[in-house]
Amino acid sequence: MRSTKLLATAAVTALLFQLPIGAAQAQDGVNVADFALADRIAEAVASGDQLNIYVSYHDVSNEFAPFIRRGVFRASEELAVNAVFMGPVGADADAQISEIETLMDTMDGLAISSVSTDALAPLINRVIEAGIPVVTYNTDNPESERLVFAGQDLVQSGREAGALMGSVLDENGVVIITTLDAAAQWSIDRETGAREALGAYPGIEIVQTVNTGTDPQEIYASIENAMLANPSVTGILSLECCSTPAAGEWVDRNGATDRVMVVGFDLLDQTVDLVSEGAIQATIDQAPERQGFEAVNLLVQFLNGETIADLDTGVGIYTIENIDEVIVE
Amino acid sequence: MGVGGYLRRMMLARETGIFLALLLMCFVLSLTTDAFLTSQNLLNVGRQVSLLGIMAVGMTFVLISGEVDLSVGSTYALSGLTTGMLIVEQWALVPAITGGLAVGLAIGLVNGVLSTYGRIPSLIATLGMLSVVRGLALVITDGQPVTVNERQGALEGVLARFEFIGQGYLFGTIPMQLVFFIVVALIAWLVLSNTNFGFRIFAVGGNAKAARVSGMPVNAVKICAFIVMGLLAALAGILSMAFLPSGQAGRTGLGLELDVIAATIVGGASLSGGEGTILGTIFGVLIIGVLRNGLVLLGISPFFQELMIGLVIIVAVAIDKWTAGRRAR
């Protein structure tokens, strides 16, 4: 059965392409003994004071924010720290920098998902120079001197999506790639992985990358136009949460479930419905709640003297075979 | 007047320049892509520009009255989400839609009062409201997507009628969104060209002092223009929710105000007030819609598309201004 084959493909791809995240540190790990911790933080840890852990997310108004916030709250309760979820409304690098600068003197640890790698790297380095440990989560900032990263390897997740698409197309077809923001680092990483994986199938041609924009109407219209421009398309590979349901809706409304396959990301309600109806063949979950939890957990472990290393929060592959697990949740 | 006179009058009409630019674009696209001049694609373009068009009609009222409204994207989002949430809460269709429209009406009223009796320039007042309304949308949804389907709680009959409004076709051919746009544009054209209120909007926008001296209720007229804008932004937001049928406070309608203002200005309305027509606005909306559609059909790089859209807006307005100079002579 196609869905079973899909899940098997995902497992094989994960093994074949298993790459280290933040290679050197992931293997060696880091310990607070090798870190110039600020005196005030060292005293707070020694005296058992409640630690202030700030978790800055690159856009608190996007779909993922509530899930990540939930993980942060869970960490706050389970680990008995004051974990604060914050960040700009909209992907605004200046606002993210300003907020962190304002709170720098009060933070005992910072977990950050950067709006922009280049814009935030100097600030991350400055925070570390001030003796405050910084980890990255969700979106890495490898340009900075951050300690470790907790999240999904974006290139790898792109590879998995590409391999899934290759599988549902039986290694032959014409594909368009859709993304909310083709210039964003996360999108470039996923597209790189997806193209790499699809490149392994000589019978598959990628005809276009469609930059859909972020407004839901705009996304649907972009897919509609792209499908009209490329009537031979048999596969839509979405790189993110939000063009995935739009692609599924297009397929559903145009009665194209038998001729156009969709592979995408995340578990928005609409995506879950479309997977269960067979309009989307597979979707890759990023476990955002776990990312929020682990961002805090890594900092707490580090401050308590444990050695921490990069953490791959993994991917979950959902098809019509196992989507019921999500619906039940 | 002879045929020559009619032709001369037509060539000097405000909308002629923009109409010719639109025709030229369509001509070029029909030569360069097979998919453009198909009934399916033209209906797609019609549907894709409808929501922008409905809002641009509202913006025409506001700009003619000498004001501007930057909060339309947020109003569009909050109204649509409100209606969606009410339907999920198992409200009947009419009260749910009325709720969404009431939100738009209230925002328009506040914008109008702040800009007139509050003596805050509308650019500033509506910029503030853009943020207030977007924030409200995030607060009431907690940043979570709102999806209108039976699994979320919508009643089957209500859902079917709601979806028809956004996804249905009149006579099985004309998308309902386009039907709404045509009806709104017709009513607006009648109001602007054949009613006392229409005359007063032009008078107030052309010269507010003269209008006041002649006894016109300047503030009331401007407030009404803002209310029209609020109601039409709300209608577009509700139609969008019915079409998708999902929305997210952080993304829905984000930056839409710039598209709406651009379409209206391209259509010949003036930021300094007193000028603008519904026909011109329709052409302006079509220019932007056809351009977006055509660039995707041509497979132009997404980054180059942004550049092209900006250039066309500048050129279209420049042509209008040059022909305005000829008209004045």
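This passage describes the two chains of a predicted model, then the place where they touch, and then some local details.

Residues are numbered from 1 along each chain as its sequence is written, while chains are lettered from A and ligands numbered from 1 in the order in which they are written. Because the model is predicted, local features need pLDDT of at least 70 and side-chain atom pairs count only at pLDDT 80 or more, whereas totals for chains, interfaces and linings use all residues.

Chain A holds 13 helices and 12 strands. Here helices (H or I, at least four residues) and strands (E, at least two) are DSSP runs, numbered from the N terminus. The radius of gyration of chain A is 21 Å, close to the 20 Å that the globule rule gives for 329 residues, so chain A is as compact as a globular protein of that length. This radius is taken over C-alpha atoms, and the globule rule is 2.2 Å times the number of residues to the power 0.38. Along the principal axes, the C-alpha trace of chain A spans about 65 × 35 × 35 Å. Of the 329 residues in chain A, 55% are buried. A residue is called buried if 20 or more other C-beta atoms lie within 10 Å of its own, exposed if 12 or fewer do, and partly exposed in between, with C-beta atoms placed from the backbone. Among the contacts in chain A with a separation of 6 or more, 74% involve residues 24 or more positions apart. A contact here is a pair of residues whose C-beta atoms, placed from the backbone, lie within 7 Å.

Chain B has 14 helices and 4 strands. Its radius of gyration is 20 Å, which agrees with the value near 20 Å for a compact globule with 329 residues. The C-alpha atoms of chain B fill a box of roughly 65 × 55 × 40 Å along the principal axes. Buried residues account for 53% of the 329 residues of chain B. Of the contacts in chain B between residues at least 6 apart in sequence, 77% join residues at least 24 apart.

Now to the meeting of the two chains. In total, 31 residues of chain A are in contact with 33 residues of chain B. On the side of chain A that touches chain B, the elements giving two or more residues are α4 (65-78), β7 (203-211), α9 and α11 (269-277). The largest share of that side, 10 residues, comes from α9(A). By class, the side of chain A that touches chain B has 15 nonpolar, 10 polar and 6 charged residues. In this scheme Ala, Val, Leu, Ile, Met, Phe, Trp, Tyr, Cys and Pro count as nonpolar, Asp, Glu, Lys and Arg as charged, and the others, Gly among them, as polar.

Two packed helices are described by the angle between their axes and the distance between the axes. Helix α9 (residues 216-229) of chain A and helix α13 (residues 278-297) of chain B have axes that come within 8 Å and cross at roughly 45°. α9(A) is therefore oblique to α13(B). Axes are lines fitted to C-alpha atoms, for helices over the stretch in contact, and angles run from 0 to 180 degrees between N-to-C directions. Angles under 35 degrees count as roughly parallel, over 145 as roughly antiparallel, 65 to 115 as roughly perpendicular and the rest as oblique. Ser222(A), Asn225(A), Ala226(A), Leu228(A) and Ala229(A) of α9(A) make the contact with Asn293(B), Val296(B) and Leu297(B) of α13(B). These residues comprise 5 nonpolar, 3 polar and no charged ones.

Within chain B, helix α3 (residues 39-64) and helix α12 (residues 256-266) pack at an angle of about 70°, with their axes 9 Å apart. This makes α3(B) roughly perpendicular to α12(B). The residues of this contact divide into 8 nonpolar, 2 polar and 1 charged.

Some local details complete the picture. Helix α10 (residues 243-253) of chain A is mostly covered, with 9 of its 11 residues buried; among them are Pro245(A) and Trp250(A). Asp170(A), not a glycine, has a positive phi near 55° and lies in the loop between α7 (154-168) and β6 (172-179) of chain A. In chain B, a cis peptide bond joins Leu244(B) and Pro245(B), with omega about -10°.

Methods: Two residues are in contact if their C-beta atoms, placed from the backbone, lie within 7 Å.
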